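Please look over the structure shown below before reading on.

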Amino acid sequence: MAKASDAFEAFVQARQGALVRMGWALTGDRQLGEDLAQAALDRLWGRWTAVSAAGDPWPYAQRIIVSLASTWRRRRWRTAEVPRGDLPDYSSGHDEFDAADVRALIAGWLAGLPARQRAVVVLRYLFDLSIDDTADRLRCSTGTVKSQTAKALNRLRATAEATSSPAPTEGRLQ
Amino acid sequence: MNDQELVDRVRPALGELFPEPADVALSLPARPPANPRRRASVLLVVACMLALAAGIAALRWHSSAAIGDHPPAGVTGRSHALPTPKIVDHRLAAPFSLSDGQLQLSPPPAGVRPVVSAADALAIVRGQHDLPKGRPSSVFLASLTSYARSTTIDPSTAALVPDTTREPVWAVLTAGVRVIAFGVGVIPRSGAPDAEESPAPLRYGREDQLVMLDATTGAVISGIWQTMPDRQPSTVAQTPDPGVKTQSHSGP
């Protein structure tokens, strides 16, 4: 028991930042991300003996947090996106990928994605998982991962084009 | 902009939007982790108890009286067996049909009283069909509408007119009756003595049987059986429609 708790504590120390980051990216809310990470740890600890005996527990922890994020999002305990006090800093240029635009564009794009597509984006492009590993974490096929990725990128492309199109003067921040 | 260019923009932006926080201090859960061995042993005990309960229930069923108020276990245990009738107090409680709707059984009218008793109905069926005595049967009262022999169409409604509409009828349902499977006969070779041909071995199958009697006269109206797929002999399986078959249509 002492060994199990020591190993678990070491795992938490090593991975808690990444867990919170994943929860944050999946929900768009840092505090909610911490709550998710804490809940994931509770669930992981419940199966720690079996999970750690099977190998690296990190993929299993990732699966838990993806599952929890999807569940919490469905329950709508909290909104996935928190209203911002500061408005995004739009530039006046027509290049949708001006440096000042990119973060706001990506944030808006992520906020509008369905949970599954958002999870695919986070796992593949924030945590750099392969298609196979992403499918493993999401418990789906690689084909689903590819199709969800394509849909998400198409939506980003559409968002970018909408942002770059000429807008009414009063609608743009100067 | 192609996908790769998009991804090249997305990756660094995501990293900037969601940097790994360094000031995180998650708390460790207090309760001990679950012991998978203990969980497996608990599941094993539960499975054993369920198996024991199922065995006791099966023994009780087979040792019960010959006239049951519930469908025999064999009827419900097979996916292709006869439909399971809903019976309350020896009366059909919900309608059901057989043989693609050719035979329709519905609950009998309230207050109808059969002349023939359930025990007599069972005795008639057992006498005519030589059902094994140890096999429990379910006897229930119902109303029968049959289209099996109907060839008349009502011109006003363009609907088939039933050839038999009778109430009340006793339905005797017996599951898993062991029967000899009739196969293809052995044809002697030309010029060879018959004695050299080995006879085809007898094969057995099991059937669910449902026999309906007129509850007023005791006459057998029709019988229906279905061969159980798990014991279905190959020669039966090769028939075009191995499903429910009408056995007989005797009676007035």
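**Briefing on the predicted model**

Chain B exposes about 14,800 Å² of surface, of which carbon and sulfur atoms supply 57%. These values, like those that follow, are computed from a predicted model, and the points below are grouped by topic.

**Chain B as a whole**

- In terms of secondary structure, chain B contains 5 helices and 12 strands.
- Chain B has 252 residues, and 35% of them count as buried.

**A nonpolar patch on chain B**

- B:Val42, B:Val46 and B:Leu50 together make a nonpolar surface patch of about 270 Å².
- One of these residues, B:Val42, belongs to helix α2 of chain B, which covers residues 36–62.
- B:Val42 counts as partly exposed because its relative accessibility is 46%, a value that falls between the limits of 20% for buried and 50% for exposed.

**A buried threonine in chain A**

- A:Thr27 is found in helix α1 of chain A, a helix that spans residues 2–27.
- With a relative accessible area of 5%, A:Thr27 is classed as buried, because buried means a relative accessible area under 20%.
- A polar atom of the A:Thr27 side chain lies 2.8 Å from the backbone oxygen of A:Gly23, and this distance is within the 3.5 Å used for a polar contact.

Notes:
Residues are numbered from 1 along each chain as its sequence is written. Chains are lettered from A and ligands numbered from 1 in the order in which they are written. This is a predicted model: local features need pLDDT of at least 70, side-chain atom pairs count only at pLDDT 80 or more; totals for chains, interfaces and linings use all residues. Side-chain values use heavy atoms; hydrogens and water are left out. Helices (H or I, at least four residues) and strands (E, at least two) are DSSP runs, numbered from the N terminus. Buried means under 20% relative accessible area, exposed over 50%, partly exposed in between (1.4 Å probe, protein chains only). A polar contact is a pair of N or O atoms within 3.5 Å; within protein, one must be able to donate a hydrogen and the other to accept it, and residues adjacent in sequence count only if both atoms are side-chain atoms. Accessible areas come from the Shrake-Rupley method with a 1.4 Å probe; for residues, only the protein chains shown count as cover. Patches are made of residues with over 30% relative accessible area and no salt bridge: like charges are joined within 9 Å, nonpolar side chains (Val, Leu, Ile, Met, Phe, Trp, Tyr) within 5 Å. A salt bridge is a side-chain nitrogen of Lys or Arg within 4 Å of a carboxyl oxygen of Asp or Glu.
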